[in-house]
Amino acid sequence: MSGGSSPGFAARLDRVLARARELEAMLESGLEGAAYVAATREQAALAPVAAEIAALRRAERELAEARALRDDASADAELRAMAEEEVRALEARIEALTRAVRIALLPKDEADERNVILEVRAGAGGDEAALFAADLFEMYRRYAEARGWRFEVLELSENDLGGYREAVASITGKDVFARLKFESGVHRVQRVPATEAQGRIHTSTATVAVLPEAEEVDVAINEADLRIDVYRASGAGGQHVNKTESAVRITHLPTGIVVTCQDEKSQHKNRARAMKILRARLYEREREAKAAERSGLRRAQVGTGDRSERIRTYNVPQGRVTDHRIGLSLHKIDRVLAGELDELIDALTAEAQAELLAQEA
């Protein structure tokens, strides 16, 4: 195989193409039930990779032909010059295709295709931190809307100024966790609060957690491990007070994780929502434990998911957003807070892929 790739890499591509052909034959043979579903899912995952490999192989064949013409001493000089240009273009194309294939073959995070539970909490900075948490929560809501995802608020704890002490949402759609997983961490804002008479810039923080949503089969929860308390719901400033005991607090005794839900008027719905959040937190706890077991491997710079890590600063006076993990600054803070996150997320994803490629080299 040309393009500087190793025989081992070429053999790996052959295996992928062979498996793609095998799956196609299996589906044409009339599979049914679970076997059909499994084969369809695997084929859907392999098809884009197989297409990239096929394009790479075509480019390699064209390169071999162009080189042969370029090196043919008996050929017309003008044709040889054209062949030389084609060689340079094909070499660049093969380099790009090889990188794309390598990225496509990187180990996948099993959670990438999952929906998520988004949690945003006010950090240091009092009321200003709560207002910033509300800004972040709305930023993710707008981003979800732009991508056609479903954004459902599960729990909202407001302060008197309309800020959020804590906000939890379920986000449902295609590749939600893959796009949002690098958002976990401490976000920092530098701005002049509306309540600041002297015009001084204050620094406040909010913590974001992006948890892959877990199904019941992913996490076994023993009812005996739960303490469930019910109480009357109350909102900021005494608003939304519920006259019935519909609010639910679930404590998972083995881990000490506590989840509260009071936004629904139905105790049953609040309990279901609280269990959904608890399941996601326990699933993420298991994922973190597995990652710790593999900690001998170098971890991707942007993929630690450490919620105590300061990942991004939003400097309002300068109109700047800086992601500290990759040193990227964008001078369009209004658009970022309006939900235009793709430039940041694409850069973070590319950096994580580069880290993984370096580990495999």
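**The nonpolar cores and what surrounds them**

In this predicted model, the largest nonpolar core has 56 residues, and those that touch the most other members are Leu118, Leu136, Phe137, Tyr140, Ile171, Leu180 and Tyr314. Helix α4 gives the most to this core, with nine residues. Leu180 shows how such contacts are made up: leaving aside residues up to four places away in sequence, Leu180 touches Val116, Tyr140, Tyr143, Trp149, Ile171, Val210 and Ile345. There is also a second, separate core of 23 residues, which includes Val16, Ala20, Ala39 and Leu105. As general background, nonpolar side chains in soluble globular proteins tend to be buried together.

The aromatic residues can be followed next. The structure holds four aromatic pairs, and one of them joins Phe137 and Tyr164 in an edge-to-face arrangement, with 5.8 Å from centre to centre and 80 degrees between the planes. Because Phe137 lies in helix α4 (residues 126-146) and Tyr164 in strand β3 (residues 164-172), this pair ties together parts that are 27 residues apart in sequence. Phe137 has 0% relative accessibility and therefore counts as buried, and Tyr164, at 11% relative accessibility, counts as buried too. A further pair is that of Tyr143 and Trp149, whose ring centres are 5.6 Å apart and whose planes stand at 85 degrees, so that this pair is also edge-to-face. Phe137 and Tyr164, for their part, belong with Phe151 to one aromatic cluster. An aromatic ring also faces a charge in this model: the charged end of Arg102 sits over the ring of Phe9, 4.0 Å from its centre.

Seven of the seven residues of strand β4 (residues 185-191) are buried, so β4 is largely enclosed by the rest of the structure. β4 pairs with strand β5 (residues 202-212) in the antiparallel sense, over seven bridges, and here Gln190 stands opposite Thr203 of β5. With strand β9 (residues 310-315), by contrast, β4 pairs in the parallel sense, over five bridges, and Val189 stands opposite Tyr314 of β9.

Methods. Residues numbered from 1 in each chain as written. Predicted model: local features only at pLDDT ≥ 70, side-chain atom pairs only at ≥ 80, totals over all residues. Heavy atoms only, no water. Phe/Tyr/Trp six-rings, centres within 6.5 Å; stacked < 30°, edge-to-face > 60°. Helix = DSSP H or I, 4+ residues; strand = E, 2+ residues; numbered from the N terminus. Buried < 20%, exposed > 50% of the residue type's maximum accessible area, 1.4 Å probe, protein only. Lys NZ or Arg CZ within 6 Å of the ring centre and 35° of its normal. Pairing = 2+ DSSP bridges. Core = buried A, V, L, I, M, F, W, Y, C linked by side-chain atoms within 4.5 Å. Contact = heavy atoms within 4.5 Å.
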